[in-house]
Amino acid sequence: MRSVFAAWLESPIIQDPAPIVQRDCPNCSKSTVPVSGVLFSDYRCPNCRSMIGVSRFAAATVNVLILIVTIVTTAMVFLQLGFYAAIVWLPFPMGSLSYLKARFCRLESGGPDHDGPQ
Ligand SMILES: [Zn+2]
């Protein structure tokens with residue numbers, strides 16, 4: 001039993017965690033911006049200290065799409081399965097479409113010292 005556990009500890013699943021998906025900073029062109037950082041807000045690049053966010057046009061377009069898809073699919077789930085299923089369904093279109101926005105839409109920087117120290 002102990003050898004099975006030791007083999008599990010040395011397995012490549014433990015040794016090689018999945019890499020965090022990072023995008024290129026539009027200001028300094030280094031891949032320092034994690035997708036989770038620009039998912040719902042702006043992110044400060046650790047290399048050049050500028051605020052990085054999804055471009056305003058893309059964010060506005062995707063937010064309208066998120067609103068429409070959320071209302072339509074939640075109404076469909078509500079009519080098919082009822083109120084509690086609609087409550088459970090609600091975050092899925094928001095989360096998945098926000099991820100696509102953060103992963104694939106064009107990023108833009110808000111300047112080297114947008115706010116905060118430095
Ligand atoms: Zn940068």
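Modeller: Let's start with a term: a residue counts as buried if 20 or more other C-beta atoms lie within 10 Å of its own, exposed if 12 or fewer, and partly exposed in between, with C-beta atoms placed from the backbone. Ser96 is exposed because it has 12 other C-beta atoms within 10 Å. Keep in mind that this is a predicted model, where local features need pLDDT of at least 70, side-chain atom pairs count only at pLDDT 80 or more, and totals for chains, interfaces and linings use all residues. Residues are numbered from 1 along each chain as its sequence is written.

So where does Ser96 sit? You'll find Ser96 in helix H5, residues 91–104. Helices here are DSSP runs of H or I with at least four residues, strands are runs of E with at least two, and both are numbered from the N terminus. Ile66 is 30 residues away from Ser96 in sequence, yet their C-alpha atoms are 9.2 Å apart in space.

Now look at helix H3, residues 56–81. Its 26 residues reach 36 Å from first C-alpha to last, close to the 38 Å expected at 1.5 Å a residue; that expected span is 1.5 Å times one less than the number of residues. Just after H3 comes Gly82, with a positive phi of about 105°.

Zooming out, the protein chain has 5 helices and 5 strands, in the order α-α-β-β-β-β-α-α-α-β along the sequence. Buried residues make up 12% of its 118 residues.
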